[in-house]
Amino acid sequence: MLLDGLRGTLNQSALEASGPQAAKVERLWWFAFITATIVYLLTMGALWWAARRARRRELRGELLSEADAEPRMTRTVTWATAATIVILLVFLGTDLLVGRTLSPIPKQQPLTIEITGHQWWWEVEYADTSAHGRFATANEVHVPVGEPVLFVLESQDVIHSFWVPNLAGKKDLIPGYTQSMWFQADTAGLYRGQCAEFCGLQHAKMALQVVAEPRAKYEEWATKQQKPAENASDPTASRGREVFLTGACAMCHSIEGTAAGSHAGPDLTHLASRRTIAAGTLPNTRGALAGWIVDPQRIKPGSRMPPNQLKPQDLDALLTYLQSLK
C-alpha cells in the first residue's frame, strides 16, 4: 500500500512547500525574512558607524554645536522614517497580492471535502451530489496528487483553525459561519495538519493527516470508504459487534451498515484503515486502541469520550471487531 511506503515521511513545515498555495506563502515568508534581515544589519551597521564616529570626535576633542547637530539629526530621522514607510508599504502590497492569488480555485467542480472542527477532533465528509457518493471519516484526509481540492470549513463548538503548513496557509473555523479554502498537493506523501487556534485543554492534541496519493490510489481508497462495514464472520468479532451496538459506543459513534448512527463522535465505519486514533494522539494499534477505550481521560483529559469499564473478554472481542473495520 502507498501508506506503508510513506511511513516516516510525515511533514509539517511551512518552509517545505508541496503545493502552489504553500509555495506562495513560503516565498512571502522568505521575502519578509530577507528584508527584515537586511534592515536589521543596516540598522546595526549605522549604529556602529555613528558610535565609532562620535568616539573619534571625542578623542580629537571635537564637539558639534547644537546648531550643527540638530539639522543633521533631523535629516537622518526623516530619511529613516521615509525608508520605514516604504518598506512597510512594500510588505503590505506584497501581502495583499499574495492573498488575492490564494483565493480563486483554478478548477470547475473540484473535489469538495467538508471539514468540521470539534473539541478535539476533525470530522471529514467527502461531498457528492448523490447520497451514495458521500462518505465520512475522521482526522485523516486523502487527496489526489496534482489536483486542487476545495475545503468547506465549519466549527461545532469554539473557534478552530485548519492548517496544513506544507500545502496552504491556515483558515479559521468560526461557529455559525462557513469558510472555504483550497489547496493542491503536488508531491505524494503524508502531511501533518494541526489546529492553529487555541481551542481548549487538548488543543495541542488536535492533529490530522493529509495523504496525497496518485489518482488511481485515491479512487481505490474512496471506493472502499463508500462501502458499509462488512458483517463480522469471526465469532470473536461478532461478539465484539454486539458489545459495540449494545453498549455506550453506539450512543456516540456511527458505523455504516449497522444500527449505530450517532454523530457525536467520529465515524468508525473504516476505523482500521486509519493510521492514528484520537486525532493523531495515538497510533492505530490494538494496544493503543484498548487504552483509549478503557481510559481516554488519562490520555486526553477533558475529551468528551467517557471511560468504558468492560470485562476483559468483552474488550478483547470489541478490539477484534474494530480492527476488522477496514
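How many aromatic pairs does the count come to? With rings of Phe, Tyr and Trp (its six-membered ring) taken to pair if their centres lie within 6.5 Å, the count comes to 13 aromatic pairs. The structure is a predicted model, in which local features need pLDDT of at least 70 and side-chain atom pairs count only at pLDDT 80 or more, whereas totals for chains, interfaces and linings use all residues. Residues are numbered from 1 along each chain as its sequence is written, and side-chain values use heavy atoms, with hydrogens and water left out.

One of the aromatic pairs is formed by Trp29 and Phe33, whose ring centres are 5.1 Å apart and whose planes lie at 10°, so the pair is stacked; planes under 30 degrees apart count as stacked, over 60 as edge-to-face and the rest as tilted. Both residues belong to helix 2 (residues 20-60), where Trp29 and Phe33 are four residues apart, about one turn of the helix. Helices (H or I, at least four residues) and strands (E, at least two) are here DSSP runs, numbered from the N terminus. Trp29 is partly exposed at 39% relative accessibility, and Phe33 is likewise partly exposed at 42%, where buried means under 20% relative accessible area, exposed over 50%, and partly exposed in between (1.4 Å probe, protein chains only).

Phe135 and Trp221 form an edge-to-face aromatic pair, with 5.5 Å from centre to centre and 70° between the planes. This pair links distant parts of the chain, since Phe135 lies in strand 3 (residues 135-138) and Trp221 in helix 4 (residues 215-225), 86 residues apart. Phe135 and Trp221 are both buried.

The axes of helix 5 and helix 8 (residues 312-322) come within 7 Å and cross at roughly 100°, the axes being lines fitted to C-alpha atoms, for helices over the stretch in contact, with angles that run from 0 to 180 degrees between N-to-C directions. Helix 5 and helix 8 are therefore roughly perpendicular to each other, a class that covers 65 to 115 degrees, while angles under 35 count as roughly parallel, over 145 as roughly antiparallel and the rest as oblique. By class, the contact of helix 5 with helix 8 has seven nonpolar, three polar and four charged residues; Ala, Val, Leu, Ile, Met, Phe, Trp, Tyr, Cys and Pro count as nonpolar, Asp, Glu, Lys and Arg as charged, and the others, Gly among them, as polar. Arg239, located in helix 5 (residues 235-246), is partly exposed, with a relative accessible area of 34%. Not counting residues up to four places away in sequence, Arg239 touches Asp314 and Ala317, contact meaning heavy atoms within 4.5 Å. The C-alpha atoms of Arg239 and Leu318, 79 residues apart along the chain, are separated by 7.3 Å.

Two loop residues were also examined. Asn284 is found in the loop between strand 12 (282-283) and helix 6 (286-294), and polar atoms of its side chain lie 2.9 Å from the backbone oxygen of Leu271 and 2.8 Å from the backbone oxygen of Arg274. Thr281, in the loop between strand 11 (276-277) and strand 12, is partly exposed, with a relative accessible area of 23%. Leaving aside neighbours within four places in sequence, Thr281 is in contact with Lys205, Ile299 and Lys300.

Technical notes
Polar contact = N/O pair within 3.5 Å; in protein donor to acceptor, adjacent residues only side chain to side chain.
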